[in-house]
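Thanks, everyone. Let me put the model up, and then I'll walk through it.

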Amino acid sequence: MQLPPALHARLAGAPGPAEPLPVERDPAARTAPFRFAPRPVRFPREHDFFEEGDVQRHLYLQDVLTQVGGAPERPRVPEFTCQVAGCCQVFDALEDYEHHYHTLHRNVCSFCKRAFPSGHLLDTHILEWHDSLFQILAERQDMYQCLVEGCTEKFRTSRDRKEHLVMRHLYPADFRFDKPRKSRGPVMPGAAEQVLAEAPGDDGVPSEGDAMEVCSEHVEPPPAPTGERRAYSHREMNSCPSAALAQLPRIWPERYHLPSVLVKVPHEDLKGPRREISTSNGGSSAALWRCCWAFPPRRGGPRTLARAALHVAGL
Amino acid sequence: MWSRQRGRLKPLCCGVEELRCRRREREAALRKARREQQLVSKRLLRDEALEEAEEGCVAVIFGEAEIQQFLRLAQRGTEEKEREGALVSLRRGLQHPETQQTFIRLEGSIRTLVGLLTSNQALLQLEAARCLHELSHSEQSAVVEACLPATSYLLTYLSGHSSDFIELCLYTLGNLIVESEAVRRQLLPQGIVPALAACIQSPHLTVLEALGYALSQLLQAKEAPEKIIPSVLGSTLPQHMLQLLQPGPKLNLGVAVEFAWCLHYIICSQVNNALLITQGALSTLGLLLLDLAGAVQRTEDAGLELLACPVLRCLSNLLTEAAAEAVGGQLQLRDERVVAALFILLQFLLQKQPSLLPEGLWLLNNLTANSPSFCTSLLSLDLIEPLLHLLSVSNVVSVLVLTVLCNVAEKGPAYCQRLWPGPLLSSLLDTLAFSDTEVVGQSLELLQLLFLYQPGAAQAFLQQSGLQALQRHEEVAQLQDRVHALQQTALHG
């Protein structure tokens, strides 16, 4: 099939319709027995006309074996440690670190250290667990938002919400990201500990800590004054990865930068007795934890809250 | 721009001939499935690098005891590497259908797997997700439906940030979706459409391709026109899809293919195509067609026909909408370059995939039917002869070519003049020799138009033994009347 050479030039040329030749129809054209009339044709979903293309499409779906991870090989790098304070997980592949980081450090409540799979769930958690204003409002109006994205229903109690999730959205009754708070009032450090102690799964499946709960050993959510709370409870603080990840062209867009992670620590905790809390590392010692600190906490009285800026170091 | 992550095919363990034979068999099976409206295909995501590291294929079938041991180790092992290793072994075992069956029948197995999927151990999570993915790919309904307890979590994870993990969840969901209406009846209330609408904003190409796949499976469902497409159209998904189909440096072939198919399933269901037109579907797809034509001239064998097919279909169907005419300016499709692009694609399809020629010609018909402008383009760009060249391909193609020519001829003398003289007459005499009634019938229609609008046409026809060509069809019921009418016109004017 030879195409006129000017055609390619036309394709590259200016947009616009052709100036049409004059149309002049003779009524004799459509008289019987002739029946041609120009008409655009429409084919519905299941029409046989689509058979060929559909078969080709499905051959493609069946044929393609794509790779998890995208890059042709997983680049192995010299072993490195997760730089987030308190986490000493070791990696030799950046993709593994990416998943670890996002799972455990990205959407972390800085009050109680629970990690959530998404910012949406984290925000809901903070609101319902750590916001005393929420509790006050909840006594008078429906404040418990449905967890399903796109559903705007709100409920009086978390139990009502759970029922809605189960009945309307067919969620499992033991959905792991909808644990009701056990204690009244905003969760304080002691309470957090209490919930963790109840951790083993309600279904008899023992798991390390409760689902999506990660507790870094060293940091205890401090009894922060109300005004400051908001500044710390935001996931944005943890939303940027380390410089190592910034080198991965595939994953990180340019706007990521080195974060500054502010952690409030009660001074006395540095020497306090260790709590029995399991972590993703399967337990680490105080010494190991201490060596993750880049700077020592600021001096002050024993009751002073020490504040340390920890810059996540590049690798 | 047109670079595509070339999926690596399974290593060949058989000859080329055997491969071709298998492909023919699979094609035949797919054709049969389509005729029965049971066309279902799943996508399997397996990490080749991982597999190679794990040395060889799985020959072993695991029994209950072994599976239980792996699960126990994964849950309660003390060493992290040990736990991971147990899940990896389980996952490899689950490539085998028998092991899959044993697994799902084992009490608590899915529960444990879901527990691991939602655990706080990132790498265990990933392995558990891979196990689920293997199960989702099974051909046995029972195995696939055993994955249902995990769906709320898979959907929740779509709003996370780990691109590998999200990709895996999406392919798993896509496989589950296509399995049965029962699965979809659970996924829809669980909020799959809003979850996908949020996830489509991801910058990761791998995630987008996976999302497109999952969505295309959802849209292909039998009940989609009533139960799924309305909510998809009501979400932000169409706008994002169109954005992802815009030509430019960011266009990725793998992603574009998936979303073009998504659009096709939506459009051919005819739920609310006017909405898509107001969102710029015609102009976006038109520009994409131009881009495709440019690309086929440059690249060899990049799988471009996989994208061409749905784009041609979308454009063709959209052109039948009243809104296509009513909508103004930029949103309409009037650009002459579209015709140029279409012919370049027709040439490409003729070489690469002739079975898709009808789809291209269908678009040409819809472009030219009611448009004097596009008909003029065919003439002024000298495209009649290339069009005639296609007459030898197949009956379906011939009918379409003749129909397009009729579209041009019926616009009157100014048009017929430009069709004449030239190869048209001899091509028509050839088609009159066909045995296919449709082809001959369309030839007769075209002849009538030529006789009417072009002085000298009838004469030339007679001189080239046209009457004899007509004679052989005198007894055919569908053609008789027209044959006689033409004979009269030719002889008596």
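Start with chain B: among its contacts between residues at least 6 apart in sequence, what percentage join residues at least 24 apart? The answer is 74%. Contact here means heavy atoms within 4.5 Å.

Some ground rules. This is a predicted model, where local features need pLDDT of at least 70 and side-chain atom pairs count only at pLDDT 80 or more, while totals for chains, interfaces and linings use all residues. Residues are numbered from 1 along each chain as its sequence is written, chains are lettered from A and ligands numbered from 1 in the order in which they are written, and side-chain values use heavy atoms, with hydrogens and water left out.

Now the overall picture of chain B. There are 31 helices and 0 strands. Those are DSSP runs, numbered from the N terminus: H or I with at least four residues for helices, E with at least two for strands. The C-alpha trace of chain B spans about 100 × 50 × 40 Å along its principal axes. Chain B has 493 residues, and 64% of them count as buried. Buried means under 20% relative accessible area, exposed means over 50%, and partly exposed lies in between, with a 1.4 Å probe and protein chains only.

Next, the core. The largest nonpolar core has 210 residues. By nonpolar core I mean a set of buried Ala, Val, Leu, Ile, Met, Phe, Trp, Tyr and Cys residues joined through side-chain atoms within 4.5 Å. The residues with the most contacts inside this one are B:Leu117, B:Leu158, B:Leu170, B:Phe259 and B:Phe343. Helix α16 of chain B, residues 253-268, gives the largest share of this core, 12 residues.

Zoom in on B:Leu158. Leaving out residues up to four places away in sequence, B:Leu158 touches B:Ile166, B:Cys169, B:Leu170, B:Leu173, B:Ala195, B:Leu196 and B:Cys199. There is also a second, separate core of 8 residues, and that one includes A:Cys82, A:Cys87, A:Phe91 and A:Tyr97.

One helix to look at is α27 of chain B, residues 424-431. Of its 8 residues, 6 are buried. They are B:Leu424, B:Leu425, B:Ser427, B:Leu428, B:Leu429 and B:Thr431. What covers them? The cover of these buried α27(B) residues includes α24, α25, α26, α28, α29 and α30 of chain B.

On to charges. Side chains of opposite charge can pair when their charged atoms come close. The structure holds 25 salt bridges over all chains. The cut-off is a side-chain nitrogen of Lys or Arg within 4 Å of a carboxyl oxygen of Asp or Glu.

First up, B:Arg91 and B:Glu127, with the closest N and O atoms 3.2 Å apart. This pair links distant parts of the chain, helix α4 and helix α7, 36 residues apart. B:Arg91 counts as buried at 5% relative accessibility, and B:Glu127 is buried at 4%.

Then B:Glu181 and B:Lys227, at 3.8 Å between the closest N and O atoms. This pair joins helix α11 to helix α14, 46 residues apart. B:Glu181 is partly exposed, at 31% relative accessible area. B:Lys227 is exposed, at 53%.

And B:Arg184 with B:Glu223, 2.6 Å from N to O. B:Arg184 sits in helix α11, B:Glu223 in the loop between α13 and α14, 39 residues apart. Are these two buried or exposed? Both B:Arg184 and B:Glu223 are buried.

Last topic: the interface. The contact takes 144 residues from chain B and 102 from chain A. The two chains bury about 11100 Å² between them, 56% of it on carbon and sulfur atoms. Buried area is the accessible area (1.4 Å probe) that two parts lose on being put together, summed over both. On chain B, the residues losing the most area to chain A are B:Arg34, B:Asn120 and B:His161, together 7% of what that side buries.

How many salt bridges are there between chain B and chain A? The count is 10. One of them joins A:Arg30 to B:Glu410, with the closest N and O atoms 3.4 Å apart. A:Arg30 and B:Glu410 also belong to a salt-bridge network with A:Arg25 and B:Lys411.
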